[in-house]
Amino acid sequence: MSALGFTSRFSPMLSNRFLCQTNSLLFSFSSSFSSSLKIPFKALSCSSNSLLHNNGTTSRPLSTSSPLSGLEDELVGYIFGKKKATEMAHLVWRHVLHKGDIAIDATCGNGYDTVAMLKMVADESCRGRVFGMDIQTEALESTSSLLDEIVNQKEKELVKLFPICHSRMDEVLPEKIAVRLVAFNLGYLPGGNKDIITTSKTTMLALESAKKMLMSGGLISLVVYVGHPGGREELETVEGFASGLCVDGWICCKFQMLNRPLAPVLVFIFKR
């Protein structure tokens with residue numbers, strides 16, 4: 001996988017092309033600005049029509065609809081700092097999840113991801129489910145309180161919270177469950193004890209579990225915070241896991257700000 005790179009040609013109309021090369025495809029974003037850079041995007045296109053091997057040669061064509069098709073404006077907004085990493089992740093989830101799906105919040109934190117997932121999968125059939133987990137009781141209490149504030153009791157009953165490490169998710173989920181989304185926020189609890197962090201070892205175990213239970217068309221979503229001790233190592237673990245997945249079965253991409261070394265890194269792992 002490679003981080004975002006871009007080239008630009010300065011003229012009365014500045015034309016920027018953003019290239020995001022993943023281990024399986026190439027996204028191309030084109031946009032136009034005025035020379036003052038004060039006018040919003042005039043045009044934006046996204047194409048993903050070939051797979052790239054490490055040697056740069058192309059293999060079989062992609063389908064006409066890529067996993068991020070339709071999210072071009074949002075992706076460019078994220079690149080230019082108009083959207084937070086978590087907001088961008090939520091937009092991608094909405095692109096993947098359906099009513100009645102099963103989702104896993106592998107790191108509940110303060111509960112905002114859990115609530116977002118629930119809103120995306122809950123319906124009158126009550127088939128949708130969200131399984132949340134965190135090793136810190138404080139995080140689960142915050143999540144439960146947020147659910148009480150935002151959703152009704154019927155919706156809250158669709159959420160199951162577990163005080164365990166994400167590496168043990170397969171111990172509490174039903175057997176042969178088909179999961180559409182597994183999401184991680186890797187780092188420490190916002191506003192909590194910064195000495196309690198996710199680790200490379202447990203995250204790798206959790207990713208392996210997520211891989212086994214993810215259904216076709218599903219997504220493993222990660223927001224990796226790298227500004228704390230151990231954060232870079234954990235990102236390398238995530239990159240190693242994603243890079244080792246078969247191109248024919250998975251689409252993996254990473255969004256990283258090259259001149260903002262402490263900014264969180266977005267990683268999306270789609271199962272074909």
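Predicted model: local features only at pLDDT ≥ 70, side-chain atom pairs only at ≥ 80, totals over all residues.
At what angle do the axes of helix α3 and helix α4 cross, and within what distance do they come?

**Figure 1. The crossing of helices α3 and α4.** The axes of α3, which spans residues 112-121, and α4, which spans residues 137-150, cross at roughly 45° and come within 9 Å. The crossing in which α3 passes α4 is right-handed.

**Figure 2. The residues in contact between α3 and α4.** Helix α3 contributes Tyr112, Thr114, Val115, Leu118 and Lys119 to the contact, while α4 contributes Thr143, Leu146, Leu147 and Ile150. By type, the residues of this contact comprise six nonpolar, two polar and one charged.

**Figure 3. Helix α1 and the residue Gly81.** Helix α1 covers residues 72-79, and six of its eight residues are buried, so this helix is largely enclosed by the rest of the structure. The buried residues of α1 are Glu72, Leu75, Val76, Gly77, Tyr78 and Ile79. Just after α1, Gly81 adopts a positive phi of about 80°.

**Figure 4. The chain as the setting of these views.** The secondary structure of the chain consists of eight helices and 11 strands. Of the 272 residues in the chain, 51% are buried. The chain exposes about 13,200 Å², of which carbon and sulfur atoms supply 52%. Among contacts between residues at least 6 apart in sequence, 64% join residues at least 24 apart.

Methods. Residues numbered from 1 in each chain as written. Heavy atoms only, no water. Axes fitted to C-alpha atoms, helices over the stretch in contact; angles between N-to-C directions. Helix = DSSP H or I, 4+ residues; strand = E, 2+ residues; numbered from the N terminus. Left-handed = near helix turned anticlockwise from the far one by under 90°. Contact = heavy atoms within 4.5 Å. Nonpolar A, V, L, I, M, F, W, Y, C, P; charged D, E, K, R; others polar. Buried < 20%, exposed > 50% of the residue type's maximum accessible area, 1.4 Å probe, protein only. Areas by Shrake-Rupley, 256 points an atom, 1.4 Å probe, with all protein chains shown as cover.
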